[in-house]
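Trainee: I have a model open and want to learn how to read it. Where do we begin?

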Amino acid sequence: MTTELDHPVDAARRFWDAGSRLNRDTYRADVRSAPFILAGRSELSLAEAVELAEARGRSLRVGPFVAANAVANTLRSHGSEQQKERWLAPLLAGEIVPTLVLETQGTTGMVPTVRKDGRALVLEGSAELVQYALDADLLLVSALHDGRRELVLVESSRSGIELAAVDALDGTRGLGRVTFTGVSIAASDLVSGDTPAVELLDLVALLSLGETIGAMDELFDSALAYSKSRFAFGRPIGSFQVIKHSLVDASLALESSKALRDALLDALVEHRDTASEIASMAKSFVAGAGIDLSHIAWQTYGGIAYTWANDFHLYMRRITSDAALFGDASWHNRRIIALHEGASA
Amino acid sequence: MTNIERPTVEEFRESARAWLDANLERQVGSRKRRTRGMVHRTVEDIAEQRAIQARVHEAGFMGITWPVEYGGRGLSEEYDLAFTSVAADYVMPDLGIAGAVTMIVCANAILRHASDEFKRKHLPRILSGEELWAEFFSDPEAGSDLAGVVTTATRDGDNWILNGAKIWSSGAYYADFGLCLARTDWDAPKHAGLTWFAVDTTAPGVVVEPLKEITGDIEFCREIFTDVVIADSERIGEVGEGWPVAQTVLRFEREASSGSLTSGSVSLDPGPLAPDLVALAARAGRSDDEHALQLIARSHVDDFVLRALGVRMSRLMSEGHPAGPGLVSYTKLAVGMTEPKRAKAAIEIGGAAAVAWGPGDIEGLSTALGYLNSRVTSIAGGTNEIQHNAIGERVLGLPREPSFDKGKTFREIQEAAESWSGTR
């Protein structure tokens, strides 16, 4: 990995240096210039969207790519006319920054819950790992409502919503925490039914896996190239079996991750009823595979990996943090078990 | 052969169906994979199966694509596929591991490298089940380093005299011949002094010893050769040209062991949740144990990864990936890495139930056998380390380790190895 000034990773460094805050002009230009949104002008296929996610992951691009696609897709498929009219155009134009608050993200308090307060509805609870928390304008929240999951679409400025930055391993995601305290919800804020919440998780899994695998791909290629060009004891270090074999382990982790991505993409495109299980299997596996690959690259680089100037740590931080975003391996393993219990019940 | 010589594929299929229906039993239920440690094939049991194979050959359904002069039918691949699809419904003769080694590995090496005289003598007898073959490939002192064999054949007029030992020859205790790799020139470079021979397992000076495996199973054997006389007509390939033949043997060995993993038709349905581990957790009273559930889910994911990886590699190969068939090493390595991991998970899930069970409890035994069998793939047919080298060097383009056997005769290599000190 180079550290030249115009390397695309420098955008991620600048974002972090600027307090992990999005530059609104950059974000708008990003949305407008790239075929960015599934439901947008370019009508990307799922396969193209994953490719794009991987290309973004490779250079650690900043911006709510997963959230923007997920929110746009949810709006288009399940949103009311009123919701579409209000949110879709500004979303596609990059005028508003969306974020996701899903059940995968966990909480140290109460999970986001919609309860009745007299005749009105109120949203309570909190969630972790909210991306671009300080910049988000629009929240898509998966909340418990009468024992089932319901999606709530709410602007961040509504009274009772508190978004706070947190310190994080990966400073290129703008991670934060959201707290809902007596937030008034209208029926028109709800996105109807149980189905969209499930579809949403699977789409989010696919796109976030794309970003992670792109980062893994780039990190592996760079570590492999380094092992061929770094000499020690009169040889390229990649000729030593102990390093060669660990790089093969990383390559196997990467190929296996891509095989799961392929399987998930096929299952989603073909609307197979196993798609949710495959999504969770993929998230569960890639979480560990990504971290393993990062550590192999880390050890291959040796001391230089400990310098801030080398891009290694940015990739390692991103891949490790991604393993926890949108459900860690343990969460997805529980979901796999639950899907099987549901099937046999 | 009683059948007409050039039937159409449909006529052939129908005649096969009619013959099978009249002569063999129908397959009931699905075929189960044999677990090492559960079945032992006796010479008597194999003899019955040989008799059935003789009838299948007599009817004209063995060696369908092989030349007529070697006992085959000389028909195209379509006929073979037609027969295979019909035969799937019947209980076909099962000659055990040596049967598979004979047909998939040895026969293919013979077809490609042996003389016409050799082929006319042996191939018809292979098809009729009269000759079962084992591989006499690895020496006890040469496993991963396949070309390092020291078993030696010395020329003596029209004969060769064989001395040495072989090991890991599956099913050799009931085989009639061994396809044997021997060093015929110690003063040639390592890979240039090798030659293949047919060794009659009943010849004077040949001792075949079945080895009891850690599963209690008896499958592979070791052989000791003392002044065994082999006619030069029993040589396969030219003298000193053994290494290309070895490549053929390895290629068909890989085909035999990894074929199912790289088939593009593998179903990518997640399937039931690791049924063996779910049952084990229940036996151990840990069905609701969070750690056990996590291990079960992880193993279920790993099972799916192997199939998804097989599909991906098969697709990359069909799309003309530059590494080509070298990509098979990924699936081989993945199985070799996953099976031990999965077996260790079973030991954790089962606790006491994984290491002790009631007398005769098949479920308890199967967990233990799964554990004992878990390093078969990581060692046999190319160890994990060999797969790592293959991927690292042929797919990822990493440089080889320095070689200490280039530019030397085999005799010099052996002498240098014996006085190895790590410095040069």
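Mentor: We go from the chain to the core, then to one residue. This is a predicted model: local features need pLDDT of at least 70, side-chain atom pairs count only at pLDDT 80 or more, and totals for chains, interfaces and linings use all residues. Residues are numbered from 1 along each chain as its sequence is written, while chains are lettered from A and ligands numbered from 1 in the order in which they are written.

Trainee: What is the secondary structure of chain A?

Mentor: Helices (H or I, at least four residues) and strands (E, at least two) are DSSP runs, numbered from the N terminus. Chain A has 10 helices and 10 strands.

Trainee: What share of chain A counts as buried?

Mentor: Buried means 20 or more other C-beta atoms within 10 Å of a residue's own; exposed means 12 or fewer; partly exposed is in between; C-beta atoms are placed from the backbone. In chain A, 52% of the 345 residues are buried.

Trainee: Which residues touch the most other members of the largest nonpolar core?

Mentor: A nonpolar core joins buried Ala, Val, Leu, Ile, Met, Phe, Trp, Tyr and Cys residues through C-beta atoms within 7 Å. The largest has 141 residues, and those touching the most other members include A:L206 and B:I296. Helix 6 (residues 195–229) of chain A gives the most, 16 residues. Another core, of 63 residues, lies apart from it and includes B:F177.

Trainee: Is B:I218 buried or partly exposed?

Mentor: B:I218 is partly exposed, because 15 other C-beta atoms lie within 10 Å. B:I218 sits in strand 7 (residues 218–231) of chain B. Its C-alpha atom is 9.7 Å from that of B:T42, 176 residues apart along the chain.
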